[in-house]
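Welcome! Take a moment to look over the sequence and the model, and then we can walk through them together.

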Amino acid sequence: MSFLRVQINHRAQRPRPFSLLLLWMACLLQIILPQYSHEVAALSTTTTSKPQRSICVIGGGASGMFAATAAAEALSTRYADDSGVEWKVTVLEATGKLLSKVKISGGGRCNVLHDTSKPVKEILESYPRGRKELIGLFNKRFSPQTAEEWFTKRGVELKTEEDGRMFPVTDSSQTIIDTITQAAQKAGVVVNKESKVLSISSSCMEGSETKKFLVMMRGEEAIEYDAVVLATGSSPVGHKLAVSLGHKIVNPVPSLFTLSTKDDIEEGGLFCGLSGLSVQDAQITLQVTVPGRKKKQSIVQNGPILITHHGISGPASLRLSAFAAREFHGINYKGNVIINWAPDFGSAEEIEIKLWGLTRSSPKRNVSSSCPLLLPDNTSIIPRRLWSSLVSASEIEASKLWGDASKKSVRKLAQTICQCPVKVTGKGVFKEEFVTAGGVSLKDIDMTNMGSKRCKGVFACGEVIDVDGVTGGFNFMGCWSTGYVAGNGAADYVMAKHSAANMKAEPAATASKE
C-alpha cells in the first residue's frame, strides 16, 4: 500500500472524487495481480510445444525404407491416443536416390520375393548365413506370406515364375519403388537425401540405456534422436558406425558372383565357342582343405549351369559362390571346381556301363555326334556342342565310332562327364547385383526385434547384418522381414522410453504442487 500512502500524503486531506477512484483501482490491482500472474504462468505451461520422440533410419534402401514405414505406421496406430508427444521418423540417405538396388533387381523387373507357397523351412535353405536366426522372424513376426500381403494390400499384383521368382505383373521395378515410397509418405516418414552420416555418438555401454543419439552429418549440424536404425547395406561406412556403437563385424566378403575360367574359354579350351549353352541338371563342387583334417571338405550345389563368355554362371554356380563365399575368398578365387554334367545318371561306373553298351548297340555311330544320355522326352542331357568338347577332352578323336572305341577311352569319357575339372581363375559380377557375406555379428542382435544387445536404442536390418541369401528373391525377403521388425522394435523402444519418462515426471509434478 506504499503507492497509496504516497498519493495521500501528496494530496490535501480531503481528496477529490477522481483521486478516490484512483485509490480504489490501485487497491483492486494489488489484490488481483498475484492471482492473474499465476494463471498466466499456468497458461504458458500448457501451451508450450509437445515433447518430441524421434527415430533415425540411416539408409534409404529396401530395408531402410521398410523399417521407417513400419516404425511410422506403428507410432501412428498403436500410440495414436497419446496426445502428449509428437513422433518423428526420418530417413537419412547418403545419395540422391532411394531404393537403388530395387531399381536394378531382376534386370529392372524387381525380383521382390521367392515363391511364398513353399514351406518356410524350404525357403530358409537358400540362406547361407542367418538361416537359423531367421526361423523366428519368418515363422512368427514377418513371414514370406505376410510380405506378399503387404504389397498386395497396397495394390501390387504379383506373379510367380517357374523357377520360383516373384515379380510384379507390370515387370517393372518402378511399381515396387512407388509402392514403398508412397507408403512411407502416407505414414509421415521424412526423407532427407544426400545426407551422409559421418558419426553417431551416445553414452551407451554394453547392455546400458542411453538418452539420446547424436547423429553428425556432412555439412550439417548434429541432430539428436531417441533411436537409430542402421540400414546401410554392405557399405563400409555402416560397418564403421556399427563398430563405433560397440558391435563386432564379421569380415565382409563378396557373395553371388560368376566364376571366371580364362583357360577354358580360350582357343582349345573346354568352353571355347560354347557361350550361351546350359545344362539344366548339373552338379558343381568346390573342395577345400580344412586345417587338421586329411580329407578335403566338399561344398556341393545342384541345378542349371550356364556357360558364358567369361566362364560359368547359372543358379548352381551362383549358389556355390554364396555358400562357399568365404572359401573362395580364402583361395583368392583361384582353384578347381568339379562339375558333374549328368548327376541323375548315376556314378562314373554306371555311366561307363551305359556308354560301353553303345559299342555293341550302335557300333557305326560317331561318338562325338550327340550325347546318348537321354531325358524322358528323348532329348540329350548334354547339348551336342558341349558333348563334342567333352569327347575331345577325353582324348577321343572326333571321327571315332562307338564300335572302334576302347574300354580305356570309354572309361575316361565317363569320368570326364562325372568329374570334369574346371580351373577357376577369378570372379565376376552377377549382372548388376552385388551381395556381401558378413556384417554386424548376429550374436550382437536380438532377432525378436532386431535390437542391439550392445547398445540399447540401436537397431539393424538388411545387408548391414550377417545375413544373406542366394539369387531368386531371398535377399529382398530378408530386407522386408528384418526391416519391418526393426522398425516396430524402434517404435516400441521410443514409446517405452516416453512412458518411463512420464512415470518419473509425475511424482515430481505432484511434489511441486504440494
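## A first look around

In this protein, residues 24 or more positions apart make up 75% of the contacts that have a separation of 6 or more. Please keep in mind that this is a predicted model. The protein contains 17 helices and 22 strands. Of its 514 residues, 46% count as buried. The accessible surface of the protein is about 26300 Å², and carbon and sulfur atoms account for 53% of that surface.

## Aromatic rings

How many aromatic pairs does the count come to? The count is 14 aromatic pairs. One of them joins Phe66 and Phe151, and because their planes stand at 35°, with ring centres 6.1 Å apart, the pair is tilted. This pair links distant parts of the chain, since Phe66 belongs to helix 3 (residues 62–77) and Phe151 to helix 7 (residues 144–152), 85 residues apart. Phe66 and Phe151 are both buried.

Another aromatic pair, Phe257 with Phe328, is edge-to-face. Phe257 sits in the loop between strand 11 (249–255) and strand 12 (259–260), while Phe328 is in helix 12 (residues 325–330), so this pair ties together parts that are 71 residues apart in sequence. Phe257 and Phe328 are both buried as well.

Here are the two pairs side by side:

| Pair | Centre to centre | Angle between planes | Kind |
|---|---|---|---|
| Phe66 and Phe151 | 6.1 Å | 35° | tilted |
| Phe257 and Phe328 | 5.7 Å | 80° | edge-to-face |

Phe66 and Phe151 are also members of one aromatic cluster, together with Phe142, Trp150, Phe476, Trp480 and Tyr484.

The charged end of Arg109 sits over the ring of Phe167, at 3.7 Å from the ring's centre. Likewise, the charged end of Lys427 sits over the ring of Tyr333, at 5.6 Å from its centre.

## Cysteines

How many disulfides does the structure hold? The number is 0. For comparison, a disulfide needs the two sulfur atoms within 2.5 Å. Cys461 is buried, with a relative accessible area of 0%. Cys56 is likewise buried, and its relative accessible area is 0%.

## A threonine in a strand

Next, find Thr285, which is placed in strand 13 (residues 278–288). Is Thr285 buried or exposed? Its relative accessibility is 10%, so Thr285 counts as buried, given that buried means under 20%. Apart from neighbours within four places in sequence, Thr285 is in contact with Ser298, Ile299, Val300, Leu320, Val337 and Ile338.

## Helix 16 and its cover

Our last stop is helix 16 (residues 407–418), which has 12 residues. At 1.5 Å a residue, helix 16 should span 16 Å, and because its end C-alpha atoms are 17 Å apart, the two values agree.

Which residues of helix 16 are buried? They are Ser409, Val410, Leu413, Ala414, Thr416, Ile417 and Cys418.

Key: Residues are numbered from 1 along each chain as its sequence is written. This is a predicted model: local features need pLDDT of at least 70, side-chain atom pairs count only at pLDDT 80 or more; totals for chains, interfaces and linings use all residues. Side-chain values use heavy atoms; hydrogens and water are left out. Buried means under 20% relative accessible area, exposed over 50%, partly exposed in between (1.4 Å probe, protein chains only). Rings of Phe, Tyr and Trp (its six-membered ring) pair if their centres lie within 6.5 Å; planes under 30 degrees apart count as stacked, over 60 as edge-to-face and the rest as tilted. Helices (H or I, at least four residues) and strands (E, at least two) are DSSP runs, numbered from the N terminus. A charge sits over a ring if NZ of Lys or CZ of Arg is within 6 Å of the ring centre and within 35 degrees of the ring normal. Contact means heavy atoms within 4.5 Å. The expected span of a helix is 1.5 Å times one less than its number of residues. Accessible areas come from the Shrake-Rupley method with a 1.4 Å probe; for residues, only the protein chains shown count as cover.
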